[in-house]
Amino acid sequence: MAELTSEKICDLWSAIQEERPVIHCITNVITINDCANILLAAGASPTMAHHPLEAAEVTERCRALVCNLGATESFEAMLAAARRASEIGHPIVLDPVGVSGSSYRRSLCFELMNQAMPSVIRGNLSEIRAIATQSCTAAGVDAAKEDMIHGKNLDDTAKIVQRLAKNRGTIVIASGETDVISNGNVVYSVHNGSRMMSGITGSGCMASVLLGAFLSIENTLESAAAACCVMGICGELAQRRTRELRAGTGTYRTELIDAVSLLKRTQIKEMARVEKYESTEQI
């Protein structure tokens, strides 16, 4: 498998602007507007069909599907759309929001995975552990304190992510200060990002729909890692601009979307920090 280079990330990013893929997003009401806007900023086109009687038909005409379990009230639509996307071979992104603290959401997560296996499962480490262990791992939708990804627990995180990916036959992403991505064989770590991203609602949801745009161009592990890298770079650029303005999290939210809309190939090449992860033990 080829290494993921900054040139490859740039090519995927350019292809989104050139092809303008339509991405079907069934996401929660708290972040639906930001999800639509970040896709538009990336050059893609969002559509949000949440009714179960139209979801499958709408997803046929899209290039990828994103299912966010924050929208539990739309689960029947997710299921219908995911089944159809699976039938026609479209990428499916599953964002298991809140499964770390809700047995009901975990049951929905497993039902969807069993009926239409997603191409990628992307969540924080608590959510990934909840799926791996089929148990509660946190309160609310944020990662537990002990599940913040950093250098000291990177080995353990890589093992959890790789095992779940291998067991489920899909790509798994644990997002955090470092993003860890695996298809069960290769593991990538992405070191781009900003702590300010955790200070606004919806940065994870936005990352998931951006992931859908990348997978619509190329449904691979490298494309998934590239999406994480681009989101992290834009988080860094937004932080830089917010500090220049001496502003707060409201400004940061806007600057994050602006950073996506203004992202240049040169910025990707200068700032990308993604590598194949080398574990100190065999995973």
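Two strands pair if DSSP finds at least two bridges between them. Helices (H or I, at least four residues) and strands (E, at least two) are themselves DSSP runs, numbered from the N terminus. With that in hand, welcome to this predicted model, in which local features need pLDDT of at least 70, side-chain atom pairs count only at pLDDT 80 or more, and totals for chains, interfaces and linings use all residues. Residues are numbered from 1 along each chain as its sequence is written, and side-chain values use heavy atoms, with hydrogens and water left out.

Nine of them form an open sheet with mixed pairing, in the order 2-1-3-4-5-6-7-8-9. Strand 2 (45-47) and strand 9 (274-276) are the edge strands, each pairing on one side only. From one strand to the next, the twist averages 20°; the angles behind such values run from 0 to 180 degrees between N-to-C directions, with axes fitted as lines to C-alpha atoms, for helices over the stretch in contact.

| Strand pair | Bridges | Sense | Facing residues |
|---|---|---|---|
| Strand 1 (residues 22-26) and strand 3 | four | parallel | isoleucine 26 and cysteine 67 |
| Strand 3 and strand 4 | four | parallel | valine 66 and valine 93 |

## A helix and its neighbours

Helix 10 (residues 249-262) has 14 residues and reaches 19 Å from its first C-alpha to its last. That is close to the 20 Å expected at 1.5 Å a residue, where the expected span is 1.5 Å times one less than the number of residues. Which residues of helix 10 are buried? They are Tyr252, Glu255, Leu256, Ile257, Ala259 and Val260. An α-helix has 3.6 residues a turn, so residues three or four places apart point the same way. The buried residues of helix 10 pack against helix 1, helix 2 (32-42), helix 8 and helix 9 (221-244), with contact meaning heavy atoms within 4.5 Å.

## An aromatic pair

The structure holds one aromatic pair, by a rule under which rings of Phe, Tyr and Trp (its six-membered ring) pair if their centres lie within 6.5 Å; planes under 30 degrees apart count as stacked, over 60 as edge-to-face and the rest as tilted. The ring centres of tryptophan 13 and phenylalanine 214 are 6.1 Å apart and their planes are at 20°, so the pair is stacked. Because tryptophan 13 lies in helix 1 (residues 6-19) and phenylalanine 214 in helix 8 (residues 203-217), the pair ties together parts that are 201 residues apart in sequence. Tryptophan 13 counts as buried at 2% relative accessibility, and phenylalanine 214 is buried with a relative accessible area of 0%.

## Cysteines

How many disulfides are there? The count comes to zero, a disulfide being a pair of cysteine sulfur atoms within 2.5 Å. The cysteine sulfur closest to that of cysteine 35 is in cysteine 205, 5.2 Å away, which is too far for a bond. Cysteine 35 is buried, with a relative accessible area of 0%. Cysteine 229 is in no disulfide either, since the nearest cysteine sulfur, that of cysteine 228, is 8.6 Å away. Cysteine 229 counts as buried at 0% relative accessibility.

How values were computed:
Buried < 20%, exposed > 50% of the residue type's maximum accessible area, 1.4 Å probe, protein only.
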